Structures are given as C-alpha cells and as structure tokens.
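Here are some notes to read with the model open beside you. Follow along strand by strand, then helix by helix.

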Amino acid sequence: MTDSRIAKVQLGGEGPEVGVQGLGCMGMSWAYGPADAGESRATLERALEAGVTLYDTADAYGAGENEKFLSPFFKEHRDEVVIATKFAISTSPDDPMKRIIRNDPPYIRQCVEASLKRLDVDVIDLYYMHRRDVNVPIEEAVAAMAELVREGKVKHLGLSEVTAGELRAAQAVHPIAAVQSEWSLFSRDIEAHVVSAAKELGVALVPYSPLGRGFLTGSFANADTDLTDQDFRRTMPRFTGENAAANVVLLEPIRAVAEAHGASPAQIALAWVQQQATVHGLPVVPIPGTTKRSRVEENVAATRIVLTAEELALLEPIAAKVAGDRYPDMTFASAGRE
Ligand SMILES: NC(=O)c1ccc[n+]([C@@H]2O[C@H](COP(=O)([O-])OP(=O)(O)OC[C@H]3O[C@@H](n4cnc5c(N)ncnc54)[C@H](OP(=O)(O)O)[C@@H]3O)[C@@H](O)[C@H]2O)c1
C-alpha cells in the first residue's frame with residue numbers, strides 16, 4: 001500500500017466504502033473485441049495497487065465468461081475488493097443480437113446462484129438489477145433481491161438504468177446503495193431526473209461508459225472503419241456513419257482542456273464525471289473500462305484533476321450536440337421510460 005492510492009467514498013448511506021474510481025471489467029471478456037488475458041489480469045492487479053476497489057462485471061458479459069475470468073483475482077484478494085455483478089439480461093439462443101430481460105423472482109434466484117458459482121465466492125458485495133423488466137413490478141423484484149441480502153448471498157443492492165420513479169419505488173422496499181447508469185460528457189440524460197432522486201434518497205451514482213465507450217479518448221473516430229467485426233460499438237448509432245463524423249468534431253474542447261492540464265482527453269472526460277459529485281452533491285464512482293495497465297494508471301491519475309468553472313462551461317454544450325442515440329433501441333435505457 002502506498003500513499004498514492006486514490007481517495008475513498010461510501011456508496012450510499014449503508015453501502016460499502018470504495019475507491020472513488022472503480023474498474024469496468026466487461027471488455028476483458030466481451031463487447032469490444034478480443035482482449036489479452038494476461039494483460040487484463042495485470043490490469044486488475046495494477047488497479048488494486050492504485051486503490052481501485054470496486055470491480056464491475058455482470059452475468060451477461062460473455063454469458064458468464066467475465067465472472068469466471070475474474071474469479072481467481074477476486075479469490076486472491078477477497079478482503080480488498082468489492083465485487084459488483086448483475087442479473088437480468090441474457091441473449092436469445094436463436095438470435096445473439098436479441099436480448100431477453102427478466103426480473104421475476106425465480107429467475108433472480110437462479111441468476112444469483114449461478115453468479116456465486118462462477119465467481120466462486122460465498123457472497124456478492126453489490127448485486128445490481130441490470131435492466132428493468134417492465135412486466136414485473138419493481139417492488140416485487142427488489143423484494144426478491146432483499147431476500148438474498150437476508151440469506152447472506154448478497155450484501156448490498158443496486159439498480160442499473162432505472163428511472164427516478166423506479167428508484168423511489170425500489171428504495172421504499174430496501175435500501176439501494178447505487179444506481180449504475182451511463183454518464184459522461186456525451187451522455188447526460190440521467191441529469192434530468194435520476195441524479196436528483198439519487199441525491200434525495202442517499203443513493204450513490206456509478207457512471208458506466210464514462211469515456212463514452214472509448215470515443216471521448218479519441219482512440220477511434222468511426223466504428224465502421226476503425227473497429228473489428230466483433231466490436232459491439234459497430235451497432236451503436238452515435239459511433240457510425242454520419243453521426244460519428246459529426247460527433248468527432250465535438251471532441252475539440254476536450255482536447256483544448258486536456259492540453260491546458262498537460263493531460264489526455266480520457267483524463268479530462270473522467271475528471272468531468274468525477275467532478276459531478278461536487279456539482280450535484282452526491283457520491284459518484286465512475287467505472288472506466290480498460291484491459292491495459294498503462295490506461296489504469298492514466299485513468300486513476302484523473303481523480304486528481306480539478307476542472308475550473310471556465311473549463312466546465314466550455315465542456316457544458318457538448319452533450320446536447322451529440323448525434324445519434326446511446327442504444328439502437330432506447331427502451332434499453334431509462335430515458336426511454338421517463
Ligand atoms: N450497466 C450497464 O448497462 C453497463 C453498460 C456498459 C458498460 N457497463 C460497465 O461499465 C464499464 C465501463 O464502460 P465501457 O467499457 O462500456 O466504456 P468506457 O469505460 O467509457 O470506455 C472503455 C473503452 O475505452 C478504452 N479506454 C479506457 N481507458 C482509456 C484511455 N485512458 N485511453 C484510451 N482509451 C481508453 C478501452 O479500451 P482498452 O481496453 O483498450 O483500454 C475501452 O475500449 C464496463 O466495463 C462495464 O463494467 C455497464
């Protein structure tokens with residue numbers, strides 16, 4: 001342990017204490033093309049040394065493969081890590097592009113048992129509902145999740161991509177430690193309702209895709225030409241065709257702020273998300289995803305960057321100008337139900 005470790009923050013009123021930046025592990029097994037397993041494992045270790053304690057996975061990432069991949073790392077460092085995983089999304093055996101969303105209590109129980117087995121741990125620290133199944137009342141689903149807490153299978157509960165109303169209804173059943181939703185310089189729809197509801201209820205925000213799935217870093221300009229066939233971003237409207245060409249221009253102010261700080265655009269994108277904790281007055285723990293040690297170092301260093309009021313004002317107009325939705329089907333996002 002060195003004193004260069006990142007600061008800590010509590011996730012919600014009763015949630016665990018975690019490093020102010022977590023690590024998204026999805027890309028180590030799925031979504032953005034092949035990743036090197038050795039480098040991914042080294043990335044996990046490097047993150048832990050830097051004080052990153054919240055590790056994010058889901059049963060859906062590689063149909064369980066991501067949880068299995070993380071298991072040896074978690075077992076080796078069980079007392080130092082906060083394991084966050086999720087249930088609710090699976091893919092159709094007939095059509096891998098078709099998602100099936102389920103929140104019914106028997107399914108939740110089946111999922112938690114399967115995740116515990118794949119992770120090979122006794123308890124999951126933070127268990128999220130990955131998506132809302134609108135056919136099941138949220139109170140019923142959260143009651144089933146609360147039962148898992150009582151049974152000691154899960155320590156804390158979280159919800160992903162919920163509306164403010166859904167969050168309020170859930171919190172009335174059992175304390176919710178965190179809402180995990182997309183939040184970045186490109187994706188700010190949760191600021192309309194969800195952020196203020198989370199603040200009011202004492203729930204933390206865990207922004208996913210804080211780097212705009214990599215687009216804000218400048219590492220690709222158009223998914224059609226720059227990314228492999230296996231890359232999920234080729235299906236996302238804002239990263240392809242004319243939308244991508246329009247959106248790449250929006251990175252200019254991020255580059256300008258980065259230059260002023262001697263930082264990378266990725267670091268400015270992360271510093272902006274991190275600073276929303278001060279702007280909105282609630283705990284915010286972004287979970288940038290990377291499969292590379294050097295990027296963990298770069299991303300963690302962003303927790304020490306503070307943007308000025310002028311810089312925040314320069315970055316403010318970006319999100320409203322983004323061309324293209326976050327998902328091909330926006331019912332997959334909470335904003336589609338607000
Ligand atoms: N709840 C949900 O529905 C949901 C949805 C999506 C994601 N998530 C979670 O959120 C995590 C993060 O989201 P995300 O992975 O979609 O997007 P992200 O964190 O915005 O971006 C990840 C991408 O940026 C690249 N990257 C990371 N650091 C970089 C740097 N410093 N410079 C240049 N490129 C960099 C990564 O590539 P390299 O690996 O090559 O570094 C990867 O392609 C996921 O891992 C997952 O755990 C949750």
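1. Start with strand E9 (residues 154–160) and strand E10 (residues 176–182), which pair in the parallel sense over 4 bridges. Strands here are DSSP runs of at least two residues, helices (H or I) of at least four, numbered from the N terminus; two strands pair if DSSP finds at least two bridges between them. Gly158 stands opposite Ala178 in E10.

2. Before going on, some ground rules: this is a predicted model, with local features needing pLDDT of at least 70 and side-chain atom pairs counting only at pLDDT 80 or more, while totals for chains, interfaces and linings use all residues. Residues are numbered from 1 along each chain as its sequence is written, and side-chain values use heavy atoms, with hydrogens and water left out.

3. Zoom out and you get an open sheet of 7 strands, in the order E3-E4-E5-E8-E9-E10-E11, with parallel pairing. E3 and strand E11 (204–208) are the edges; each has a single partner strand, so one side of each lacks a neighbour in the sheet.

4. Now helix H1. Ser40, Thr43, Leu44, Ala47 and Leu48 are buried there (under 20% relative accessible area, 1.4 Å probe, protein chains only). Down the axis of H1, the buried residues fall within an arc of 135° (from the directions from the helix axis to the C-beta atoms), so they line one face of the helix. They pack against strand E3 (23–24), strand E4 (54–56), helix H2 (65–76) and helix H11 (293–301), contact meaning heavy atoms within 4.5 Å.

5. Just after H1, check Gly51: its phi is positive, about 100°.

Conventions
Buried < 20%, exposed > 50% of the residue type's maximum accessible area, 1.4 Å probe, protein only.
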